[in-house]
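Please read this briefing alongside the sequence and the coordinates shown below.

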Number of protein chains: 2
Amino acid sequence: MARPLYRQIADDLRGQIEAGQLPPGARLATEDEFRTRYNASRNTIRDAIKWLAVQGLVETRPGQGTFVAVKLEPVVVNLGAAVDNGAAALPIAEVPASPRMESSIPSVEIQSAAAPVAAELRLPEGETVVSRHQRQFIDSTPWSLQTTFYPMDLVRRGASRLLAAEVIAEGTVQYLRDTLNVTQVGWRDKLTIRPADANEIAFFSLPPDGRVGIAEVFRTAYDQAGAPMRLTVSVFPADRNSFVISTGAVPGLALESPAPRSPDPVGGQGPADRTPAIFALER
Amino acid sequence: MARPLYRQIADDLRGQIEAGQLPPGARLATEDEFRTRYNASRNTIRDAIKWLAVQGLVETRPGQGTFVAVKLEPVVVNLGAAVDNGAAALPIAEVPASPRMESSIPSVEIQSAAAPVAAELRLPEGETVVSRHQRQFIDSTPWSLQTTFYPMDLVRRGASRLLAAEVIAEGTVQYLRDTLNVTQVGWRDKLTIRPADANEIAFFSLPPDGRVGIAEVFRTAYDQAGAPMRLTVSVFPADRNSFVISTGAVPGLALESPAPRSPDPVGGQGPADRTPAIFALER
DNA sequence: GGGTATTTGTCCGTATGTATT
DNA sequence: AAATACATACGGACAAATACC
């Protein structure tokens, strides 16, 4: 047996899909039709289709049939300088009006820091932290889950509004600078891909077999003393998001050629704390 | 039927794995043992194991058994300012000596630009480009595939060494500045997750069912005129790499507190063109 | 190297359940 | 309610990969 039969069938179907004979959204033949077409048993046909399904090439819908997967237009998430440099400095073209992002009211919890959180905030494991969790939507469809952790010490020193389950209108970066003279001078983003958990599968309506990965962004922000002041963890379904980082002088996404970005010291202005990433649809 | 039997079995096994009863690397019982333990048919047991395998929780090895997957230590890929700002400015701790990266000799091709390449380089589709492809290894294990595209115009104007199938020792950024006075002033990285293709599965020795995604980084670099001068596409298996982006003043990964990064205008120094990402092992 | 036992992989057939039209 | 189509579950047989003697 050179290649297993179900793989030969899968490869044949893959060829038809990639050649465009079966465009995205098209319905494939039924399992029974394939059974006679390929002279194979139904289970073998199902193995072939499952093979393609795991790779995200097709999806099956009970009672309806099997369909060529539609490629999702990726949402572009900006990480790095172009974003948090202050909204005023952004070329307007990078913030289109059409897609509207909404955030849920934050839910606030007092937690003991798990190991990854403690490590990023340089706290002993188990230390008390404030967690502010929000769900984010684009055009009412779930887009990301976001949790920000603050050391409890900030609250003790007077930043009591971190405990309020409501949006801090001026942004927590501004609030912490006004209240405690704690200024955000930079941050580090770490992006990792990992399998989705049950919560994420439910919130994002992902296929239940967990084949769609999750992009998890840890944003650790530092104050003027070089100490971590917050950790924001954002998660996005990996199949519908891209992440862009601009460094140095980069022309805008739009047509005009902007002036090279002046290398201002990066301050904490802007809405960096409310949304760790400004987004833009592409194409 | 509340939940399908194979899912109940899978959930039971998942619980044992997450509770640590079955540590990473441990061998699970054989299908036959599970068959009696759960009083189910072999195919049902296999469905349960396949469900876990798609999620990367276990892996099966013919003739040997089923094993709890070992989580790979992620390699950290730096994107953004900290890297291309010039190697001399890097805290030494970020470039550990232990893991050694090797690159293959570049293979050079003259190609007609596919749509994504043409779009990034702002060329008409089908325009001629030079492609320089390299395979990269860490400690002799495959780590990334990298292809850089240059507009053919650069060669016509005199950068003929782009056609040589050999490493350009001083770096192509330096070479293009010396030869054509084309200076790299910035770049944009775009990271996308997509399924692995057959080539990538073979090179990286990924599980053949394509459940491991690929992180694809498009780095478009711009010259002093704001025109794209090169496009580097790097691909990494998504299950064993993290990506970090530092913005503003960020303390080094090590213990010492470095001086806040001075906002120098970003030049094209350093090995940015040979390796689009400097790496560091973490933990 | 060869042979054998073990274990997973492939393939078939059948019956019944569940979701959708 | 009926028909259609995929999902679950069982059974069996043989192939292929691995380990061990």
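**Protein and DNA in a predicted model**

Around DNA strand D there are 24 residues, of which A:Arg46, A:Thr60, B:Leu5, B:Asn43 and B:Thr44 come nearest, where a residue is near a strand if one of its heavy atoms lies within 4 Å of it. This is a predicted model, in which local features need pLDDT of at least 70 and side-chain atom pairs count only at pLDDT 80 or more, while totals for chains, interfaces and linings use all residues. Residues are numbered from 1 along each chain as its sequence is written, chains are lettered from A and ligands numbered from 1 in the order in which they are written, and side-chain values use heavy atoms, with hydrogens and water left out.

**DNA strand D**

- Sugar or phosphate accounts for 67% of the atoms of DNA strand D within 4 Å of the protein, and bases account for the rest.
- Phosphate oxygens of DNA strand D lie 2.8 Å from a polar side-chain atom of A:Arg46, 2.8 Å from one of A:Thr60 and 3.0 Å from one of B:Tyr6.
- By class, the surface near DNA strand D has eight nonpolar, ten polar and six charged residues.
- The element that gives the most to this surface is α3(B), with three residues.

**DNA strand C**

- The side chain of A:Tyr6 has an N or O atom 2.9 Å from a phosphate oxygen of DNA strand C.
- Two or more residues each come to the surface near DNA strand C from α1 (5-18) and α3 (42-54) of chain A, and from α3 (42-54), β1 (58-61) and β2 (65-68) of chain B.

**The two protein chains**

- Chain B can be laid on chain A with an RMSD of 0.2 Å by a turn of 180° and a shift of 0.1 Å along the axis, the superposition being by least squares on the C-alpha atoms of residues with pLDDT of at least 70 in both.
- The two copies are thus related as by a two-fold rotation axis.

Conventions. Polar contact = N/O pair within 3.5 Å; in protein donor to acceptor, adjacent residues only side chain to side chain. Helix = DSSP H or I, 4+ residues; strand = E, 2+ residues; numbered from the N terminus. Nonpolar A, V, L, I, M, F, W, Y, C, P; charged D, E, K, R; others polar.
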